[in-house]
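Have a look at it first.

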Amino acid sequence: MKIMFLTVVTASRSGAIGSGLTYEAGTQKIQPGSAVRVPLRKSFVEGIVIEVMDKKLQTEFDLRSIKEVLGDVPLLTEAQIKTVRWMSEYYCCSLRQALQVWLPPPPWSRLLPKETVMFRKAANDRPARGKKAEAVLEFLEGREWTSREEIIHETGASPAVLKRLLELGCLVRETQRASMLTSRPVSVAAKNEAVLTSSQKEVYESVKTDPRPSLLFGITSSGKTEIYAALIADAIRAGKQAILLVPEILLTENVIDRFTQMLAHEQISVLHSRLKPGQRKEEWKRIHRGDVSLVIGSRSALFAPLKNLGIVILDEEHEWTYKNEQTPRYHARETAEALCRHAGAKLLLGSATPSLESWSRAQRGSSTRAPYHLARLPDRYGSNALATVTVVDLAGAEFGKNYPFTSQLLTAIEERLKRKEQTVLFLNRRGAASALLCLECRRRVISTESQLPFTVHHDSSGKPFLIDHTTNIRADVPAKCPHCASVNLIEVGAGTQRIEAIMTKLFPKARLLRADTDTLETPEQMRSLLQKMKNGEADILLGTQSVVKGLDLPNVTLAAVMIADIGLSLPHFRAGERIMQLLTQLTGRSGRAKPGEVIIQTFRPDSAEVIAASKHETERYLEDELRMRLHAGYPPAASMIRLLVRGPDAGARAKKLQTDAMTANMKSGGNVKISMGPTLFGAGREWQVLLRGEKPRELLAHLHLKDVPVDVDQLETV
Ligand code: ADP
Ligand code: ZN
């Protein structure tokens, strides 16, 4: 028999051992993911087995032995533990940091199923005195192990009677944990009610048979959710389980309705960041027990302890909320891919505007990874035509006191009110960054260094100046446009706060609703708001894009974005992609049941995003944008890593880090582009160093990164 060794991540918070300790396990067979108790310094602590090895490292001697294995079933499966290790490596964090998203906080032994105390009659015939004692022995005659609760319930005996019988040797006692591996029979077989159309069926078949991750590129209302439902039903009927991720928990309300038509309520678990710790733990245990067939939730629902995963689906896979902005800074898409690979499960990504990352993978793969399977759903379900899109040029508009409402938009809203139809207005909350825009040539003033727009700031006297946030170059506001010499420069930025006030003033009788993360706290509030819209108890819905875009409201015939360019002001190479996603969501929003209209108000009616969105030419946009990224060396054509430096001396430390990175880069061939600057919203106390190239990761080993969060594949760079 071979002696086995374990890597164990302990519950102790000591930073130095975040990557686990090695213990000896004797000849016991222990599975990765098991909870164990191990000696640490002078006491015993809980830990999770991350790796089981039959050799120890040369450098390790005098290893201590584990004390015990807790429970007879691991808390996480081998596939889940492999994904923990992958996360730690890929996202440059400790094993403990990676593990922490998979488990409720310690003590972990409390996650194990409750121990049940069981009794049986001893194999002798010792008599017992007392009525209750006799009743117990009589009850147990001819029975196998019976729980203490059942004996007490059936005979009325007290625990003291059982204790006495045990001491007399009349009974034998044992504790058992309800085994977690014997997963319960699924009480209700999933039943999918919808009959797929022939094109949906084709997509469904190809996704089902292709073993690669699939990207489903389907326009809004094409029936992506129906395809998810069919695939989830199949997985559950095959005895497996499914995870459906949505970008924003307020949007789960739509999908939950769809899936309760298919599954019993108890078979669904809804997980999101607003659950209280106690609720989260109870859900965790319920899923771990095997009671749940479908988990629906935001990005962290990926870590649900399902044991027999059949499929993971990311709806709206392009959404930025799939990226965690705290350590571990994982992206749910990449992590789901790793999990599915290890678990032998299918991965399906769905979107009407795929991320450039997924699109390029589906087109050509990447240097290190195989291509995705691509499936398309180009038509809306039913006979619905696409909405007509009107682009309104803000640069030429007369607003009076109503900026940013143009007369076209006001007329359109008025018509809807007369016809008793509904309107959705998109607000853009990211208004804090302003760019300098030329009203003549419609170009933004950009930094020649980064090729990204300068951001306008104001000094204490209110005088404006420009900052390039990726290089820290400052510049004065030019008197004339650098491109065309026009003096007609304006600051495009915020201004959406007044929208509600203007609406109330102009349309005092209209019933307004607001939907954003400030006014809505829970999914239930979202549900009641949606109900009001559906019941026709409101005329106009004002909402931020993240909340409003997933809605399916039949009586909405006008959807409008107030200033499409606000996102374009962000000094960010993904700004265009993001605008495109927003505008496409918007054009899919209106007219689900009746002919719809979309109004895009913009300072740049000729920008690629506005043109592509208004003509519904998503694919051409993706190809053009991908070509530009290749040309400029930005993701997905390159990898990018962001190092975050925080604190009062952040600027100086970032500079030092940049110098070290440059030195390391020179030695290794100089293929990585390195830049640095204060972050846009960090108020001067947060700086970033950006590493961009084919293998920027290789520089990390040469840098002092203590207390410097490493952000791999970051989405925010501002
Ligand atoms: P998407 O997720 O692509 O935006 P949905 O799945 O929400 O689209 O479908 C849009 C609408 O069309 C929904 O109301 C849905 O119930 C309906 N629908 C789509 N496909 C079918 C189908 N095969 N049978 C019945 N209704 C369908
Ligand atoms: Zn100009």
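## Around the ligand

Keep in mind that this is a predicted model. Tyr 381 puts a polar side-chain atom 3.3 Å from a nitrogen atom of ligand 1. Taken alone, the ligand exposes 560 Å², and the protein buries 74% of that.

The side chain of Gln 200 has an N or O atom 2.8 Å from a nitrogen atom of ligand 1, while a polar backbone atom of Lys 224 is 2.9 Å from an oxygen atom of the ligand.

## Who makes up the shell

How many residues surround ligand 1? There are 15, and the closest are Val 195, Gln 200, Ser 221, Lys 224 and Thr 225. By type, the shell divides into four nonpolar, seven polar and four charged residues. Helix α7, residues 224-237, supplies the largest share of that shell, with three residues.

## A look at helix α12

Helix α12 covers residues 407-419, 13 residues in total.

Which residues of α12 are buried? They are Leu 409, Leu 410, Ala 412, Ile 413 and Arg 416. Looking down the axis of α12, these buried residues fall within an arc of 160°, so they line one face of the helix.

## Positive phi values

Most residues other than glycine have a negative phi. Lys 420 is in the loop between α12 and β17 (422-427). Is Lys 420 buried or exposed? Its relative accessible area is 66%, and because exposed means over 50%, Lys 420 counts as exposed.

His 616 is another non-glycine residue with a positive phi, near 55°. His 616 lies in the loop between α17 (608-614) and α18. At 30% relative accessibility, His 616 is partly exposed.

## Cis peptide bonds

Most peptide bonds are trans. The bond from Pro 106 to Pro 107 is cis, with omega near 5°, and Pro 107 sits in the loop between α2 (95-99) and β6 (115-121).

The peptide bond from Pro 635 to Pro 636 is cis too, with omega near 5°. Pro 636 is found in the loop between α18 (618-632) and β27 (639-646).

How values were computed
Residues are numbered from 1 along each chain as its sequence is written. Chains are lettered from A and ligands numbered from 1 in the order in which they are written. This is a predicted model: local features need pLDDT of at least 70, side-chain atom pairs count only at pLDDT 80 or more; totals for chains, interfaces and linings use all residues. Side-chain values use heavy atoms; hydrogens and water are left out. A residue is near a molecule or strand if one of its heavy atoms lies within 4 Å of it. A polar contact is a pair of N or O atoms within 3.5 Å; within protein, one must be able to donate a hydrogen and the other to accept it, and residues adjacent in sequence count only if both atoms are side-chain atoms. Accessible areas come from the Shrake-Rupley method with a 1.4 Å probe; for residues, only the protein chains shown count as cover. Helices (H or I, at least four residues) and strands (E, at least two) are DSSP runs, numbered from the N terminus. Ala, Val, Leu, Ile, Met, Phe, Trp, Tyr, Cys and Pro count as nonpolar, Asp, Glu, Lys and Arg as charged, and the others, Gly among them, as polar. The expected span of a helix is 1.5 Å times one less than its number of residues. Buried means under 20% relative accessible area, exposed over 50%, partly exposed in between (1.4 Å probe, protein chains only). The arc is that of the directions from the helix axis to the C-beta atoms.
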